[in-house]
Amino acid sequence: MAEFLFGAATFILGMVALGLARVLRGPADADRMMAAQLLGTGGIAAVLLLGAATGEAATVDVALTLALLAAFASFAFVKAHSAHARDESRTDGDGAP
Amino acid sequence: MSIVLEWWTVIAVAAGAFFFLAGTVGLLRFPDAFTRLHALTKADNLGLGLVVLGLLPMIVSVSAGLMLVCIWLLVLLSGATASQLIARTLPRRGTPP
């Protein structure tokens with residue numbers, strides 16, 4: 001059983017690594033953020049599988065932290081992006097909001 | 001009974017890994033950012049849910065199982081919110097999303 005769980009975790013990590021090619025190709029910043037979000041979800045699944053295979057209970061806490069960090073990463077990206085867009089429209093326009 | 005539970009784990013984890021594969025293929029192959037966002041947020045959250053469901057029979061205590069389900073719910077909530085926010089940062093040129 002442990003071998004199967006290790007294999008599934010390896011497979012999911014491989015899928016996440018393939019998905020990270022989207023970080024290189026882009027084209028928008030949002031696409032890169034999506035690949036980072038995939039890393040969050042796939043990382044949680046892989047950590048949970050490894051924890052079940054090794055019988056280590058603390059991996060659940062690691063997975064919880066990863067879930068929280070992935071959520072905050074997306075929100076920080078959107079926040080920074082909207083602030084950037086607001087600055088651009090202020091410098092480009094004629095003072096109108 | 002334990003054989004049934006083991007098969008449940010194998011089938012659910014394999015289905016979850018398949019959905020991670022589907023999410024990665026969608027992220028790499030879909031033509032625009034909205035469809036990629038769709039593939040990522042649906043397929044990966046479903047894959048993580050199937051992995052969590054598959055791991056539940058291996059958990060010894062009720063509280064650890066609840067923790068796993070809570071992680072999945074947190075990922076579902078944050079994934080839904082983050083996908084809406086990321087879609088708002090995308091430019092709306094050409095065809096409607």
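Predicted model: local features only at pLDDT ≥ 70, side-chain atom pairs only at ≥ 80, totals over all residues.
Let's begin with what chain A is made of. Taken along the principal axes, the C-alpha atoms of chain A fill a box of roughly 65 × 25 × 10 Å. The radius of gyration points the same way: chain A comes out at 18 Å, whereas a compact globule of 97 residues would be near 13 Å. Of those 97 residues, 36% are buried. As for who touches whom, take the contacts in chain A between residues at least 6 apart in sequence: 49% of them join residues at least 24 apart.

If you want to click on the residues involved, the α1(A) side includes A:L5, A:F6, A:I12, A:L13 and A:V16, and the α3(A) side includes A:L38, A:L39, A:L49 and A:L50.

Now look at A:L24, which sits in helix α2 of chain A. Is A:L24 buried or exposed? It has 8 C-beta neighbours inside 10 Å, and a residue with 12 or fewer counts as exposed, so A:L24 is put in the exposed class. For a sense of distance, compare A:L24 with A:A52: they are 28 residues apart along the chain, and their C-alpha atoms are separated by 33 Å.

Next, bring in chain B. The contact between the chains takes 37 residues from chain A and 35 from chain B. On the chain A side, α1, α2, α3 and α4 each give two or more residues. Which of them gives the most? That is α3(A), with 14 residues. By class, the chain A side divides into 28 nonpolar, seven polar and two charged residues.

One helix pair across this contact is α3(A) with α3(B), the latter covering residues 62–89 of chain B. The two axes come within 11 Å and cross at roughly 175°, and α3(A) and α3(B) are therefore roughly antiparallel to each other. From α3(A), the residues that meet the other helix are A:A30, A:M33, A:M34, A:Q37, A:T41, A:I44 and A:L48, and from α3(B) they are B:L68, B:I71, B:V75, B:A82, B:I86 and B:T89. The tally here is 10 nonpolar, three polar and no charged residues.

Finally, stay in chain B for one more pair. Helix α1(B) spans residues 2–29 and helix α2(B) spans residues 33–55; their axes are 7 Å apart, at an angle of about 165°. So α1(B) and α2(B) are roughly antiparallel to each other, and their crossing is left-handed. Charged residues do show up in this one: the contact has 17 nonpolar, six polar and two charged residues.

Key: Residues numbered from 1 in each chain as written. Chains lettered and ligands numbered in written order. Axes fitted to C-alpha atoms, helices over the stretch in contact; angles between N-to-C directions. Helix = DSSP H or I, 4+ residues; strand = E, 2+ residues; numbered from the N terminus. Parallel < 35°, antiparallel > 145°, perpendicular 65-115°, else oblique. Left-handed = near helix turned anticlockwise from the far one by under 90°. Nonpolar A, V, L, I, M, F, W, Y, C, P; charged D, E, K, R; others polar. Rg over C-alpha atoms; globule rule 2.2 N^0.38 Å. Buried ≥ 20, exposed ≤ 12 C-beta atoms within 10 Å, placed from the backbone. Contact = placed C-beta atoms within 7 Å.
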